[in-house]
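Q: Please take a close look at a single part of this model and follow it into its surroundings. Which elements and residues should be read together with it?

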Amino acid sequence: MELDKQQRRDLKAQAHHLKPVILIGQKGLHDALREELELALDHHELLKIKIAADRENADTIVEQLLAQTGSTLIQRIGGTATIYRKRPE
């Protein structure tokens, strides 16, 4: 899903006050975490995710979760990523 600049700006503003809903540890993405992430995206659409890994591993984790969930990266600051996926109808 491709977002234009205004949509991204609006989503960043909405996400500013959010707390991370999902915490990803050193084990990375495992099945139970993926299921929880799917449920959270279906319910909230816009999520902050805290990634407790070094920068290189965090980049890989973010790429994997975007590909596996079909979500869009809104912004990433350090170990916190904000992602968006439109709620299914």
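A: L23 is placed in strand β1 (helices are DSSP runs of H or I with at least four residues, strands are runs of E with at least two, both numbered from the N terminus). The model is predicted, so local features need pLDDT of at least 70 and side-chain atom pairs count only at pLDDT 80 or more, while totals for chains, interfaces and linings use all residues. Numbering starts from 1 along each chain as its sequence is written, and side-chain values use heavy atoms, with hydrogens and water left out.

With a relative accessible area of 62%, L23 is exposed (exposed is over 50%, buried under 20%, partly exposed in between, for a 1.4 Å probe and protein chains only). Neighbours within four places in sequence aside, L23 is in contact with L33 and K50 (heavy atoms within 4.5 Å). I77 lies 54 residues from L23 along the chain, and their C-alpha atoms are separated by 15 Å.

The sheet comes next. Four strands form an open sheet in the order β1-β2-β4-β3, with mixed pairing (two strands pair if DSSP finds at least two bridges between them). β1 and β3 are the edge strands, each pairing on one side only. From one strand to the next the twist averages 25°.

β4 runs antiparallel to β2, joined by 5 bridges, and L47 has I83 as its bridge partner in β4. Strand β3 (residues 72–77) is also antiparallel to β4 and is joined to it by 5 bridges; here Q75 is partnered with T82 and I77 with T80. The hairpin of β3 and β4 has 2 residues between the strands, and G78 takes a positive phi near 60°.

β4 is largely enclosed by the rest of the structure, because 5 of its 5 residues are buried. T80, T82 and Y84 are buried on one side of β4, and A81 and I83 on the other. In a regular strand the side chains alternate between the two faces of the sheet. Helix α1 (residues 5–15) lies across β2, β3 and β4 and runs at about 55° to β3.

The largest nonpolar core has 17 residues, and I22, I24, L37, I49, I51, L65 and I83 have the most contacts inside it (a core is a set of buried Ala, Val, Leu, Ile, Met, Phe, Trp, Tyr and Cys residues joined through side-chain atoms within 4.5 Å). Two or more residues each come from β1 (22–24), α2 (31–44), β2 (46–51), α3 (55–69) and β4 (80–84). α3 gives the most, 5 residues. Beyond its neighbours within four places in sequence, L65 is in contact with I24, L29, L37, I49, S71 and I83. Another core, of 6 residues, lies apart, with L11, A15, I74 and Y84 among them.

The axes of α2 and α3 come within 11 Å and cross at roughly 60° (axes are lines fitted to C-alpha atoms, for helices over the stretch in contact, and angles run from 0 to 180 degrees between N-to-C directions). R34, L37, E38 and L41 in α2 meet L65, Q68 and T69 in α3.

E45 is in the loop between α2 and β2. Its phi is near 70°, a positive value in a residue other than glycine, and E45 is buried, with a relative accessible area of 18%.
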